[in-house]
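Could you walk me through this structure, one selection at a time? I have the viewer open and would like to know what to click on next.

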Amino acid sequence: MAYIEPAPIKDKENPFESMMSRFQIAAEHLGLEEEVYNVLKSPVKQVIVSLPVTMDNGSIRVFEGYRVIHSNILGPSKGGIRYDMDVHLDEVKALAAWMTWKCAVVDIPYGGAKGGIKCNPREMSEGEIERLTRAYTQSMYEIFGPDRDIPAPDMGTGPREMAWLMDQYSRSQGMTVNAVVTGKPLVLGGSLGRTEATGRGVMIATLAAMEKLKLNPFKATCAVQGFGNVGSWASQLLDERGVTIVAISDLSGAYYNKEGIAIKEAIEYRNNNKGTLEGFGGAEKINPDEILLLDVDVIVPAAVEDVITIHNADKIKARLIVEGANGPTSAKADHILNEKGIMAVPDILANAGGVTVSYFEWVQNRLGYKWTAERVNRRTDRIMKDSFNHVYATAQQYNVSLRIAAYIVAIDKVAKTYKFRGGF
Ligand code: NAD
């Protein structure tokens with residue numbers, strides 16, 4: 001089968017091009033028809049809006065907002081909203097596709113979407129951000145909807161923006177519709193367990209992979225890059241299950257203690273230190289580039305994209321990589337990891353605990369009922385474990401890496417659903 005437009009891979013790899021190249025490999029394994037391939041790679045809808053907003057000084061500034069629905073084959077589309085100066089249509093398109101595969105791999109009934117506004121929220125007042133969020137929501141009131149397209153937070157947005165979005169959308173409908181958005185504050189219908197959900201999923205995926213590799217958690221060592229929401233929760237939950245976290249890092253540097261870092265102390269230190277590990281005393285400072293190359297059993301990149309590349313992949317000593325971050329490994333590096341026999345649990349599986357609990361938030365909103373944290377966690381654990389096992393079995397069946405297997409699982413599910421539903 002001849003696919004058109006193979007994703008280009010340049011020297012400095014773009015994580016989204018990396019994603020498309022894996023999509024293509026998985027499609028080839030599945031023997032996906034060219035027509036279906038073309039349907040799945042093209043977004044369903046791309047919306048660009050101009051948003052005039054009155055600034056605090058009385059001037060009017062026009063912002064550009066985007067929403068891309070990549071797929072709504074499995075159900076209403078789901079994906080975050082990013083506020084950043086670098087937001088552009090191509091990036092939003094790629095991130096929307098990423099969401100389609102992530103939801104499909106954990107078998108939740110959502111398509112994929114992503115949105116964004118080109119703005120710098122750090123230079124805007126709270127009032128300006130609120131007016132911008134309301135203008136964006138108002139202009140998207142025919143796109144969003146609990147049965148159509150359900151936004152969530154992403155870079156530069158959080159529960160505060162989701163509360164404004166929920167309120168503005170509800171006003172446009174003349175009733176309260178809290179299921180239109182997830183990642184809301186708890187009092188507005190947010191879910192218990194959402195804060196730790198992604199780190200929790202990383203922990204479940206790590207333990208499941210360690211079992212396959214016959215690594216005993218009580219004897220295993222781990223290094224975690226990034227100590228924000230995902231990295232610190234993953235560290236704490238792995239630590240509670242016996243894994244020794246010997247290194248952690250954030251923008252202030254990397255911290256190493258071969259006896260194991262006291263994770264709860266590190267979290268408390270960070271919380272009382274303006275969110276940074278700068279000056280943390282429970283470890284020695286090491287070169288941040290070394291954290292992923294340490295002689296440990298497991299590494300968890302949980303900070304930014306493109307940190308495992310052709311320039312360092314051959315120096316990795318760990319047997320297992322669990323991707324808390326989105327896109328930490330470039331496609332060219334995949335090959336090196338495979339050659340070295342390193343198992344990599346890919347982002348679309350490893351960090352899917354977050355979107356899973358977002359789905360639970362939506363389910364609870366629609367039921368008008370609140371689950372206990374225990375119920376949320378139990379169901380998240382089950383979905384993560386089942387999804388890992390499914391991807392692992394697929395990897396064995398096709399004799400491919402877990403990454404390609406995750407794409408095979410996701411693409412197969414969306415393609416089959418598409419064929420049953422049919423088109424014009
Ligand atoms: P966050 O902002 O809470 O934390 C990011 C952490 O990474 C911070 O500690 C920061 O100091 C550190 N960091 C940034 N650049 C770094 C670098 N070059 N080296 C080392 N540390 C660095 O973000 P988060 O929510 O924890 O997200 C982390 C990653 O996980 C992102 O790729 C995000 O897309 C992905 N992710 C997050 C969620 C979620 O629910 N939060 C869900 C899925 C995927």
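Start at the boundary between domain 1 and domain 2: in this predicted model, the two bury about 460 Å² between them. Carbon and sulfur atoms give 68% of that area. To see where the domain 1 share comes from, select W98, K102 and V105, the residues of domain 1 that lose the most area to domain 2. Together these three make up 83% of what the domain 1 side buries. Now colour that side by residue class: the residues of domain 1 that touch domain 2 divide into 3 nonpolar, no polar and 1 charged.

Next, show the contacts themselves. You will find 4 residues of domain 1 in contact with 5 residues of domain 2. A search for salt bridges across this interface returns 0, while a search for polar contacts returns 1 residue pair, with both residues at pLDDT 80 or more.

Zoom out for a moment and colour by domain. The domain assignment gives residues 43-176 to domain 1 and residues 197-350 to domain 2.

Now move on to the ligand and select its surroundings. Of the 18 residues around the ligand, which come nearest? They are T198, N229, V230, L251 and N326.

- From a backbone N or O atom of L251 to an oxygen atom of the ligand: 3.0 Å.
- From an N or O atom in the side chain of N326 to an oxygen atom of the ligand: 3.0 Å.
- From a backbone N or O atom of A303 to an oxygen atom of the ligand: 3.4 Å.

Note on methods
Residues are numbered from 1 along each chain as its sequence is written. This is a predicted model: local features need pLDDT of at least 70, side-chain atom pairs count only at pLDDT 80 or more; totals for chains, interfaces and linings use all residues. Side-chain values use heavy atoms; hydrogens and water are left out. Domain bounds come from an automatic or database domain assignment. Contact means heavy atoms within 4.5 Å. Buried area is the accessible area (1.4 Å probe) that two parts lose on being put together, summed over both. A salt bridge is a side-chain nitrogen of Lys or Arg within 4 Å of a carboxyl oxygen of Asp or Glu. A polar contact is a pair of N or O atoms within 3.5 Å; within protein, one must be able to donate a hydrogen and the other to accept it, and residues adjacent in sequence count only if both atoms are side-chain atoms. Ala, Val, Leu, Ile, Met, Phe, Trp, Tyr, Cys and Pro count as nonpolar, Asp, Glu, Lys and Arg as charged, and the others, Gly among them, as polar. A residue is near a molecule or strand if one of its heavy atoms lies within 4 Å of it.
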